[in-house]
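Welcome! Open your viewer and get ready to click through the chain with me, one stop at a time.

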Amino acid sequence: MSKSALTTRIAQPAPQKIIRLEYPGGAVNADINSTDETKLLDALRNAGMRTV
């Protein structure tokens, strides 16, 4: 890793909220700003109402 990449990683603020999404066979942690929490949950709810 280059010094500039390391500096960029260190300079980034920590996420304000981590939402763990679990599904059959796996899980993922999503780092989001607290202001986007409602938007993300609304998007997931809308996606869940659709059929593939």
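Is arginine 45 buried, partly exposed or exposed? Select arginine 45: at 48% relative accessibility, this residue counts as partly exposed. Keep in mind that you are looking at a predicted model.

Aspartate 42 is partly exposed, with a relative accessible area of 28%.

Next, pick lysine 39 and aspartate 36. They form another salt bridge, with their closest N and O atoms 3.6 Å apart. Lysine 39 counts as exposed at 58%, while aspartate 36 is partly exposed at 28%.

Move on to arginine 20 and glutamate 22, whose side chains form a salt bridge at 3.0 Å, N to O. Here arginine 20 is partly exposed at 47%, and glutamate 22 is exposed at 62%. In total, the structure holds 4 salt bridges.

Finally, zoom out. The chain has 2 helices and 2 strands, in the order α-β-β-α. Of its 52 residues, 6% count as buried. Colour by confidence: strand 2 has the highest mean pLDDT, 90, and helix 1 the lowest, 58. Where pLDDT is low, the predicted coordinates should not be read in detail.

Conventions. Residues numbered from 1 in each chain as written. Predicted model: local features only at pLDDT ≥ 70, side-chain atom pairs only at ≥ 80, totals over all residues. Heavy atoms only, no water. pLDDT = per-residue confidence, 0-100. Helix = DSSP H or I, 4+ residues; strand = E, 2+ residues; numbered from the N terminus. Buried < 20%, exposed > 50% of the residue type's maximum accessible area, 1.4 Å probe, protein only.
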